[in-house]
Amino acid sequence: GGQSRANLAALDVATGLATAWNPSPDGEVAVIRVWGATVYVGGYFWGVGGQARSQLAALDASTGLATTWNPEPYRDPEWGSDPPLVQAFAFRGDTVFVAGAYLVIGGQGREGLAAVDANTGAVLDWNPNPAGGAPYAYVNGLSLSGDTLYVGGYFQAIGGQYRLCLAGVDVNTGLATAWDPEPNNEV
């Protein structure tokens, strides 16, 4: 858009020119979602919006500055960098569902899927616990419809039931719904 921007930019939809918004992540951004006045980003970065943020951040949509929201996902570095730690977001009220390939988020054990308070960054008790991937389970995509969060990725069980790589999970209980399409590979 005519301006120097590192890895993330906002463009004017009418002109295609870059706006002044410039959070300058120090690495690749893999996923972007806007919820209200906040831009959520995940990827391969360690700093964005003027703050240290490890691969997940919430940015003020007006200024591009990082908010205080910082749940910090983590996995053992020996497992490499693929897939990204954060790959998808879904939103409901004050809850951000964060999907990816992590083992810990906000200091809590959550393998690939967590519900995070949108205001504080605290991990909520909701835990459908995707499991059974090798070397770990991960979630690539989310889609929310009513009380069901549809989850795709690489897992063999979720929400207390056998579900291969694709499932519906109740957003209130974390339990798997009856929906079970059984794909034959990673979603």
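Where does Asn7 lie? I found Asn7 in the segment before strand 1 (28–35), where strands are DSSP runs of E with at least two residues, numbered from the N terminus.

A note on the source: this is a predicted model, with local features needing pLDDT of at least 70, side-chain atom pairs counting only at pLDDT 80 or more, and totals for chains, interfaces and linings using all residues. Residues are numbered from 1 along each chain as its sequence is written, and side-chain values use heavy atoms, leaving out hydrogens and water.

**Positive phi.** Most residues other than glycine have a negative phi. I looked up two that go the other way.
- Asn7 has a phi near 70°. Asn7 counts as partly exposed because its relative accessibility is 44% (buried is under 20% relative accessible area, exposed over 50%, partly exposed in between, with a 1.4 Å probe and protein chains only).
- Gln55 has a phi of about 65°. I located Gln55 in the loop between strand 4 (51–52) and strand 5 (56–60). Its relative accessibility is 9%, so Gln55 counts as buried.

**Asp117.** Next I turned to strand 10 (residues 113–117), which holds Asp117. Which side chain of opposite charge is nearest to Asp117? That is Arg110, 13 Å away, and the buried Asp117 has no salt bridge (a side-chain nitrogen of Lys or Arg within 4 Å of a carboxyl oxygen of Asp or Glu). I did find a polar atom of the Asp117 side chain 2.8 Å from the backbone nitrogen of Thr120. Leaving out residues up to four places away in sequence, Asp117 touches Trp69, Asp94, Ala122 and Leu124 (heavy atoms within 4.5 Å).

Methods
Helix = DSSP H or I, 4+ residues; strand = E, 2+ residues; numbered from the N terminus. Lys, Arg positive; Asp, Glu negative; His and termini not counted. Polar contact = N/O pair within 3.5 Å; in protein donor to acceptor, adjacent residues only side chain to side chain.
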